[in-house]
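Dear colleague,

I am handing over the structure below, followed by a short account of what was found in it. Please read the account with the structure open beside it.

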Amino acid sequence: MTFLSFVTSCRDRCMRTIGHLTRRGLEWTGFLESAQLTVTTHSDHPDIEALPPGIIYVVGGPTYQKWAFLKCPCGCGEPIMLSLSEKKRPRWHIDTDWFGRPTVKPSVWQTAGCYSHFWIKKGRIHWTADTGRPHASRVGSEG
Ligand SMILES: [Zn+2]
């Protein structure tokens, strides 16, 4: 690691920490709706069974993202795995704002079990009207 990359990584970590603390403060004072999901990034895969709710576990690094893991927010606890790789279809995209709140595109729709269907916007779950229903029309509707 060069000195410059060391400084850069420290600065990025600091900014993330400041962002998280600011979010917590603003949530606490009621200025910001509290985030239901936050992102953590790791280079290795998670123990999916041990993954706590409220976390989107991204496998990747500073310049790439491969996978996102989370527990189904309906409460069933089913693990959800989203491909973030540009080479794979379907693929999802995660944007994390300055407060560490993720926005995931497109929506997430469980293909079995609870059939939960939801959007993740700025760390909040937005349930769709058709959640809980199987999606026969899914093929060809992916953006
Ligand atoms: Zn579920």
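**What was found**

Leaving aside residues up to four places away in sequence, Ala35 touches Arg23, Arg101, Gly123 and Arg124, a contact being counted when the C-beta atoms of two residues, placed from the backbone, lie within 7 Å.

Two points on how to read this. The model is predicted, and local features need a pLDDT of at least 70, side-chain atom pairs count only at pLDDT 80 or more, and totals for chains, interfaces and linings use all residues. Residues are numbered from 1 along each chain as its sequence is written.

The pLDDT, which is the predictor's confidence in each residue on a scale from 0 to 100, has a mean of 88 over the chain, with 94% of the residues reaching 70 or more. Over residues 139–143, however, the pLDDT is below 50, and this stretch has three contacts in the model beyond near neighbours in sequence.

Ala35 also belongs to the largest nonpolar core, a set of eleven residues that includes Leu37, Val39, Tyr57 and Ile120; such a core is a set of buried Ala, Val, Leu, Ile, Met, Phe, Trp, Tyr and Cys residues joined through C-beta atoms within 7 Å. Here a residue is buried if 20 or more other C-beta atoms lie within 10 Å of its own, exposed if 12 or fewer, and partly exposed in between, with C-beta atoms placed from the backbone. The elements giving two or more residues to this core are β2 (55–61), β3 (64–71) and β6 (102–109), and β2 supplies the largest share, three residues. Helices (H or I, at least four residues) and strands (E, at least two) are DSSP runs, numbered from the N terminus.

Helix α1 (residues 3–28) has 26 residues and reaches 37 Å from its first C-alpha to its last, close to the 38 Å expected at 1.5 Å a residue, that span being 1.5 Å times one less than the number of residues. The helix α1 is hardly covered, as the count of buried residues among its 26 is one, and just after α1 Gly30 takes a positive phi of about 90°.

The domain assignment, whose bounds come from an automatic or database source, gives domain 1 (1–34) and domain 2 (36–138). Their contact takes six residues from domain 1 and five residues from domain 2, while the C-alpha centres of the two domains lie 22 Å apart.

Finally, Pro134 lies in the segment after β8 (124–127), and Pro134 is exposed because 12 other C-beta atoms lie within 10 Å.

With best wishes
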